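This briefing covers strand pairing, helix packing and model confidence in the structure shown below.

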Amino acid sequence: MDIMIVVMAFACGMLANLLRLPPLLGYLAAGFALRALGVQGGELLEHIADLGVTLLLFTIGLKLNVQTLLRRDVWGTTTLHLLLSTLLFTLVLLACKGAEIALAKELGWQMALVLGFALSFSSTVFAVKVLEERSDMQALYARLAIGVLVLQDLFAVSFLSISTGKLPSLWAFSLLALPLIRPLLFVLIERAGHGELQLLTGIMLALVVGAGGFELVGLKPDLGALVIGMLLAAHPAASGLAKSLFNLKDLLLVCFFLSIGLHGLPTTDTLLMALLLVLALPLKSLLYYVVYSGIHLRVRTALLSTLALSNFSEFGLIVGAIATKAGWLPAQWLVTLSLALAISFMVSAPLNTIGERIYHRFGDKLRFWQARQLHPEDRPIELGDAQAIILGMGRIGQGAYRELERRHGPVVLGVENDSGKLPMLRERGMNVIEGDATDTDFWDKVLLSNQVQLVLLAMPHHSGNLYAIDKLHSHGFTGKIAAIVRFEDDIASLREQGVDAVFNVYDEAGSGFARHVMRELRPFETHRPLESETTAVKV
């Protein structure tokens, strides 16, 4: 790979970071700058970008509950929005033709329909990056958005299979037996452990078993990686596998964002058309919000889901590339789609950064249109008669729950934002409810009575704990607050916020281990002194 590509990607990514913008905007800018300087990406860059997208879909599958896709509020909203959005952009493009915009003059309704279909998708890469950075992958709005994106990808894959004129081979039916090999896949990730072999196992399953296997039978490789990830999602090691692939996937996706800018240099006509398409993007977002409101979601849930999906998709580029290769579209439209995609990212990134502020600014006005009977998973949360609340029911939260319950009885309540964990926790006899302590509406609806004496913040991210502390203070909470940290630097900020007790997970692990040993084994109580020790005592 040309060293200039690495230097430019680093420089633009660092500049975006210094400006407090997402680095991916820097990578997009680097791609256009490299193109302007005459640098060609080449097959290697494209291949690495494809690997990044494949690993992205694999990690999505690892976190995806298949039942989510089968829910009516997911497949119904996806299908309805796809149809409405395709129609919207088809009409926008035909209106541009009527207005005699240069690039649209030769558009027929078939070409406009293909372009409208390409523009109806939202970016999986962008949305997942935003949700991961906000640590919101398990929040309701994120799960709904991811479900929509996955189904959109399936629609795109179906289109690509039909448009290429290549039917899958008869061996494709053998893929229906994939669930039968799931026990073997489980054994593989169990035996891989937690080191570099785990990382290599994930790459092998995503690229060889998933992508390679689907490609052999004439199906889209990315779809194969997604399916294999979904098969593994139920295994306890799936989360650790996703984490081991996290940094590698992000590094490879840098090449994806660079490749967008390297598709071609913009002209006045392509830039004008791209800007017009971006100006129509709010209408696409409005459709998302209306559809989400139609399934009785709260304002915040519908708004944040909408913001995460308010962009154009990399799959739109793929659809455009296939249409161009088939002779349905002039090559200039591929450049236009690239520009529209890049500009939509540049607009959507800061909007997602200030999503909470947008909600606070317009939430009251939008709440007038909110349904009275809310979605079952989006209703107000009641804390009951609990005296101790644990926010975050991971391993640390569960351990704290058991200890408090042992000492004080059934006065403890756990709050967990991952609905998939709730049945397991309840089977273990724990009193838990679903709730997101980083959700403004959670705190707007919670009634903290005087009987709540202790709140334990056991969420994995420091920023989430700080947010919860701020909300507790704003509610006038006068009880005790305890929090966990993973880094020494985080302790000072918690103390400044008035936290009564801070537990450093790593520093306290050793002392906790020693206390456990002393409690379970009592080694010094059963120790028999040596003869020399006995003699010394007698003297």
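Strand β1 (residues 388-391) pairs with strand β4 (residues 454-457) in the parallel sense over four bridges; two strands pair if DSSP finds at least two bridges between them. The model is predicted: local features need pLDDT of at least 70, side-chain atom pairs count only at pLDDT 80 or more, and totals for chains, interfaces and linings use all residues. Residues are numbered from 1 along each chain as its sequence is written, and side-chain values use heavy atoms, with hydrogens and water left out.

**Sheet**
- I390 stands opposite L456 in β4.
- Six strands, in the order β3-β2-β1-β4-β5-β6, form an open sheet with parallel pairing.
- β3 (432-434) and β6 (501-504) are the edge strands, each pairing on one side only.
- From one strand to the next, the twist averages 20 degrees.

**Helix packing**
- The axes of helix α5 (residues 72-98) and α14 come within 10 Å and cross at roughly 155 degrees.
- α5 and α14 are therefore roughly antiparallel to each other (angles over 145 degrees, on a scale from 0 to 180 between N-to-C directions).
- In α5, T77, L80, H81, L84, S85, L88 and F89 meet L283, K284, L287, Y288 and V291 of α14 (contact means heavy atoms within 4.5 Å).
- By class, this contact of α5 with α14 has eight nonpolar, three polar and one charged residues.

**Confidence**
- The protein chain averages a pLDDT of 83 (the predictor's confidence in each residue, from 0 to 100), and 93% of the residues score at least 70.
- Confidence is highest in helix α14 (residues 281-294), at a mean of 94, and lowest in helix α25 (residues 531-538), at 42.
- Over residues 530-539 pLDDT stays under 50, and the model has two contacts beyond four places in sequence for them.

Notes. Helix = DSSP H or I, 4+ residues; strand = E, 2+ residues; numbered from the N terminus. Parallel < 35°, antiparallel > 145°, perpendicular 65-115°, else oblique. Nonpolar A, V, L, I, M, F, W, Y, C, P; charged D, E, K, R; others polar.
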